[in-house]
Every structure is written in structure tokens, then in C-alpha cells.
Amino acid sequence: MSTSPITQGIDDRAIGAVHPVVRWVRTRAAWILLFDIALFALFTALSRNHVFFSAANAESLLISVSQILLLALGLAMMLGAGIFDLSLGANLVLSSVVGALVMKSFQAVPGDASSYHDIPLAAVAGFLACVGTGIVFGLVNGLLIAVGKINSLIATLGTLGIGTGIALLIAGGSDVSGMPTALQLAIGLNTIGIVPIPAIAAIAVAILLWVVVRFTRYGMRTQAIGSSRVAAERSGIRVRAHLLSLTVLGGGLAGMAGFIDLARFGSTALQGHANDALGAVTAAVIGGTLLEGGRISIWGAVWGAALAIILRTGLVILGVSAFWQLIVVGAVLLIAVLLDRVAAVRRTRSARAD
Amino acid sequence: MENPAPVIAARHIAKRFGHVQALRDASVSVAAGEVVALVGDNGAGKSTLVKTLLGINKPDDGEVIIGGEPVQLSGIREAQALGVDAVHQDLALAPDLSVVDNMFLGHEQIRGLGFLRRREMSERAAESLRELGITLPSLAVPVSDLSGGQRQAVAVAKAVMWSSTAVLMDEPTAALGARQSDIIAELMRTVASKGLGVLVISHDLPRILKAADKITVLWRGETVLESPAAALTVPDLVATMVGYREEAS
């Protein structure tokens, strides 16, 4: 039986083709990049002798960005599927403590940082311990969320406390130091050009994840789950296994960020990551990753992380109190979320207008 | 009543949820190329029966037959493997994904390392939509940018693309206006004309009487009437649905 074309009935809303450049300029990532550049110019103009625009500052910005970026990338992937993770900062700290203790076990004379007999081996073991701990942390989160069906906010609030507590316990309450100096020279403080090695690693992860999100089945399914979990399940996707893989990924990246602490400072930084979750959420959300899930913007997270760090560093250089930095970063996060709200309301209205 | 061999059927299904006996003795059968409407009052067990055919519910009693064979389904993936797919009441599309991605969700075409073959996917999706006479402004836009009728058409096209046996539709026109409902009803005929069995739950009696070949009426979890649509009128149907038993033709 033949039918008349359904064209007239269904095609009742025309959507014109848009030039790729125009489409890019309309993305949140583009706006945030432009905002980054504007802020950079502003701080350069305001800083004494324009020190903000210097190789040394660029280097310090980049190394600071790398940790927040790793957390933000993991978070963006998880948010894409509708998982919120508050525990990333705690994961970072716990991973760095475990990694530090593993590395110290390679000291010939316990407590003597100059007595490592095989530094490369110690470094590799430390790295694997950091990433491994991060993965286990992520796996626990994933089991609570995907199998235990606990709301991700509550699950990771719980593991935030537990992880921080375990880190403090096994570290004995104070930072674990005495990492090999060669590790700092080779990785943490080493650069290629003006780009620190940790930043190169973080950018490599960003590029990899961008490819995953944009071109692979994994990225598509991640966003499908966040967009409509029911649709994903009805399409035959193993949603629980997928969610587990995401929390493991996010955990592994947090572990990697923990290793950067060791490579950079030669010790853990127990007190240094209280606001990392705020920074990571800010970076991911400002960048256009939807809190409700369904849309991941990897470049948005990159420029969002840069924004958080430029703000923080710029305010330091201008001599603004550290308390103000927290306020400004928090306010920027709220503004970004409010912008999302406005856009969502507009979308709903235009959908209702059908 | 004489029936050609059904491509999908449920025989004497019983299903209890806690204290609720959702299905007592429910049967339905759909032949290739046939549109069968499943009607009944709220709570008659229509959705439960369809979910049983999809393997979402396990029946306490009775059997599901797909392609002439009795089957034990333990999930929707198994039904899909047997060529049965569904269009759900609550529209199982991911609104943030494009039309193409939605149509291939769960059936993605990939090369090594999980990379999507987006070009092939687009071409196949466009072809499937064209075969059903569905025209959309773009297949790259998120589904949330489409109108309700367009979305439902995409959901139907997705189900058809992955079905080789039957497509089950749970109130596909519930959220649509009159014109778009007509279009979806027409789409059911097109799908059946491709040799698939179509089972549709509907409350829209006048429209479904015109679109369906056969009507199956459920009443309190029991199949009380199976009849060619042409032999029925809306008042007959309403009477049967609310519990006045009639001799089946």
C-alpha cells in the first residue's frame, strides 16, 4: 500500500543550514575562550610591569590549570551521563597519599629522600599507585551510584568524607614528603618550551576525550544516558556498566592529578584541594556541559578550567585577598548556571510554541 | 475466525504484580503485514501485555510466540534479537542526541576502537526515513528541536529500522494533534505494507478502527474480543471495553 508523503504534515518547522564558523561562535566554549582572552588582557594591563604577560606566569598558569583540568574533564564525562561527583578533590588527595607512600617504600634508607636506588621504577610505581587508587575510588562511587542506586550527589558526598578521612589517617595527619628530587626535575617542574609536562599530559587527555565524545560510540552512549536513561535502556545499552566505566575514568583522572602534586611539590598537599571540586564543577559547567546530563563540552571544560585559574592567579597578582578569589569563582559558577537556566527556559518556551 | 500464521503472539498470559492481577487470560496475535489494535479501558492490561511481548515483564503463565516459536524472553535485548522492537508511550528518544544518533542508539555502526561510521549511519537513516515517507528538516539536529509529530515519526522509523518481525506501539498518538495523529496512523499502514506485524495500543477509537485490520479488546486482564476492524463500530467497541461481553464474530 502506498502512502502520500508525510512531508507536509511533519516538516512544519524549517531549520536553515548554518555556517560552521557561525555555529562555533555560538557555542559556549567559544564565548569562554574569548572571555579568557579578555581577562588575560585585563590582568596584563592591570598588573605591575605587566608581569601577568610573562613566560614565568604562563608556565605557572598552565601547571595550575593541569590539575583542575584533569578533574574537570572527568567530571564533564560523568555529568554527561548525569552523574555528579563531589569527591574528586578527596580522591586526588587520597591517591597522592597512597602514591607517596608507595614511592617512599623505594627509599633504601627510610626517611632519606636522597637514598632512592631506582628512581624511574619508584616513579612508575608511584604513578600506578596514584591512578590505581583513583580508579578504585571511582569504582566505589560507581558501585554506589549504578548498583546501589544512591543519588550521585549523596554517594560522592559520603565518599568525599570517607576518602578525606582515610587519606589523613594513613598519612598520619601531616603531608607525606620526600619524593625524589629527580621526579620534580623530570616531570613536575620540567617544561617543553614554556609548557609544563603536567599541562601537556592534561591537554593530551583533553584531546583524547574530545575525540571520544565527538566521534565514538562510547561518547554517544554517555550523552544518551544523560539525555534519557530510559531511552538508553530501551535501546539495549548496558547502562550500569557504562556508568561504572565513567566513574572509573573520572577516578583514574583524579588519581593522575594526585600524582601531579607529588611530581610538582615533592610531597602531598593535604590542605591544598579543599576547593578543587568547586573549581572542577565551575570549569565543566561554565564550559557548557549540562548539569542535567546529555551534553558534554570538552573544549568548554578546557577554557572553563583556564578561566578559573586566570581569575585566581590574576587576583593574586593584583594583591586581592584569597577570600575574594573564592567569592569570585563561586559567583562565576552561579552566573554560568543562571545562564543555563535562562537558555533552558527559552528552549522550553519555544518547544511549547509548537 | 481464520488467522494466517502470526509473526508475534501472546497466548493466555497471566501476570500478577503484588496484589494486582494485571493479566488473567490475555491473548493477541499479529500476522505479517497486519495492523492489530489493542484496546481496552485504563488498567485493562494493554501496556503490561505489550511489555510481556518485549520481555520487559516475565509472564506468570501462558506463552509468547515469536516467528512461530514459543520463546522465553528475559529482556528487551532478546526481543530485539528476534526482530521485535517498540515505540513507547513515553517516547524513548534521547532529546539531546541527533536524529541519526537516536535512530542508531544501541545499534551503532562502528569501525575499530568504537569510532562511529557517521556517514553510513546518516545515509541509512535518511533512506529509512525516505522509505516511510518521512521528511525532516535535518537529521543532524537534536531531537529536542523537532515537533512532537516529527519526534514520534523518528521513534517509529527507529523501531522499523531494527525490526524484521514486528513493531509494537504503545499509544503512539497520545500526545499528538489530529493532523499528526493521521500521519502516524498512515505510517502504521506503511510499516505493515513492508511485511512487518504492527501491534498498536490506542485510545483513539475512530482513527484506529480505520487504520487497523483487526481489533483485540482487553477487559480486566482478559481478551474478550478479537475481531476484524471492519466488522466493528465505535459504540460496539466502547460497550465491549467497559465490560458488556459480546459474541465475537
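The radius of gyration here is taken over C-alpha atoms, and the globule rule is 2.2 Å times the number of residues to the power 0.38. I started with that because I wanted to check chain A against it: for 354 residues a compact globule would come out near 20 Å, and chain A has 22 Å, which agrees.

**Confidence.** I'm looking at a predicted model. For the complex, the predictor gives an ipTM of 0.84 and a pTM of 0.87. I looked up chain B too: its mean pLDDT is 89, with 95% of its residues at 70 or more.

**Chain A overall.** I find 15 helices and two strands in chain A. Its C-alpha trace spans about 85 × 55 × 35 Å along the principal axes. Of the 354 residues, 47% count as buried. I also checked contacts between residues at least 6 apart in sequence: in chain A, 80% of them join residues at least 24 apart.

**The core.** Which residues have the most contacts inside the largest nonpolar core? I get Leu71(A), Ala72(A), Leu73(A), Ala305(A), Val198(B) and Leu199(B), in a core of 180 residues. Helix α4 of chain A, residues 55-80, gives the most to this core, with 15 residues. In soluble globular proteins, nonpolar side chains tend to be buried together.

**Leu71(A).** I then picked out Leu71(A) and skipped its neighbours within four places in sequence. What is left in contact with Leu71(A) is Leu88(A), Leu92(A), Leu253(A), Ala254(A), Ala257(A), Asp276(A) and Ala280(A).

Technical notes. Residues numbered from 1 in each chain as written. Chains lettered and ligands numbered in written order. pLDDT = per-residue confidence, 0-100. Helix = DSSP H or I, 4+ residues; strand = E, 2+ residues; numbered from the N terminus. Buried ≥ 20, exposed ≤ 12 C-beta atoms within 10 Å, placed from the backbone. Contact = placed C-beta atoms within 7 Å. Core = buried A, V, L, I, M, F, W, Y, C linked by C-beta atoms within 7 Å.
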